Amino acid sequence: MPSTSENPTHSIRPPLLAILPDLVLLPSVALILSFIMTWAQVGFTPEFLARWGRGFLTTLVVLPFILACLGTVEKLVDKVIGDLHWVARKLAVAVISACIFETIIALAVTAVGHPLDASFAGNWWLAFSRSLPAGLLIGLFMCFYMKPRMDRMRQAARTRVSS
């Protein structure tokens, strides 16, 4: 049996496993949120698919930047309400994260689909308010299930790479 240093696929696989959840999760979240926001703004009209496509691509680009800020949100919540039970802190992170996600993504989706005129605020509100329930569910799912799982997978991949 070849050693780890002789088998190049062994050294590539752990880093790939560490980012695999992100590669699946980000597009899934982008599809769901851009679908809801596009539907909220234009309904199932003939222009829906084109706008959803633009909204999806925009969401896919914006989402990694938003996710990068989540660590800061967690640290801030721990600092402000660190004495509360861990479940309450995770709930706070999920709600704050969902509001941040929905605000920024709704702005991005609205910006690519509508002109910056008097109707912009109303279109943004439709996208934000109708996607917020899905955003809250995604936030809860991420905080309580996916993030801990992804952190463990990344740590296991780092451990395998360093050993």
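This is a predicted model: local features need pLDDT of at least 70, side-chain atom pairs count only at pLDDT 80 or more; totals for chains, interfaces and linings use all residues.

Biologist: What share of the residues counts as buried?

Modeller: First the cut-offs: buried means under 20% relative accessible area, exposed over 50%, and partly exposed in between (1.4 Å probe, protein chains only). In this chain of 163 residues, 36% are buried. As for the surface, accessible areas come from the Shrake-Rupley method with a 1.4 Å probe, and for residues only the protein chains shown count as cover. The chain exposes about 9700 Å², and 73% of that comes from carbon and sulfur atoms.

Biologist: How do I read contacts, and what does Ile105 touch?

Modeller: A contact means heavy atoms within 4.5 Å. Take contacts between residues at least 6 apart in sequence: 73% of them join residues at least 24 apart. Ile105 sits in helix H3 and is buried because its relative accessible area is 0%. Not counting residues up to four places away in sequence, Ile105 touches Leu33, Met37, Thr59, Leu63 and Ile66.

Biologist: Which residues does Ser34 touch, and which backbone oxygen does the Ser34 side chain reach?

Modeller: A polar contact is a pair of N or O atoms within 3.5 Å; within protein, one must be able to donate a hydrogen and the other to accept it, and residues adjacent in sequence count only if both atoms are side-chain atoms. The Ser34 side chain reaches the backbone oxygen of Ala30 at 2.6 Å. Ser34 belongs to helix H1 and is buried at 0% relative accessible area. Setting aside residues up to four places away, Ser34 touches Trp52, Gly55, Phe56 and Thr59. Thr38 is in helix H1 too (residues 8–42), and at 2% relative accessibility Thr38 is buried. Beyond its neighbours within four places, Thr38 contacts Gly43, Phe48, Arg51, Trp52 and Val109.

Biologist: How many disulfides does the structure hold?

Modeller: A disulfide is a covalent bond between the sulfur atoms of two cysteines. The cut-off used is a pair of cysteine sulfur atoms within 2.5 Å, and the structure holds zero of them. Cys99 is partly exposed at 30%, whereas Cys143 is buried at 10% relative accessibility.

Biologist: And which residues form the nonpolar patch on the surface?

Modeller: Patches are made of residues with over 30% relative accessible area and no salt bridge: like charges are joined within 9 Å, nonpolar side chains (Val, Leu, Ile, Met, Phe, Trp, Tyr) within 5 Å. A salt bridge, in turn, is a side-chain nitrogen of Lys or Arg within 4 Å of a carboxyl oxygen of Asp or Glu. Here the patch is Trp86, Leu91, Leu137, Leu140 and Phe144, together about 470 Å² of accessible area. Helix H4 gives the largest share, three residues. Trp86, from helix H3, is partly exposed at 45%.

Definitions and conventions: Residues are numbered from 1 along each chain as its sequence is written. Side-chain values use heavy atoms; hydrogens and water are left out. Helices (H or I, at least four residues) and strands (E, at least two) are DSSP runs, numbered from the N terminus.
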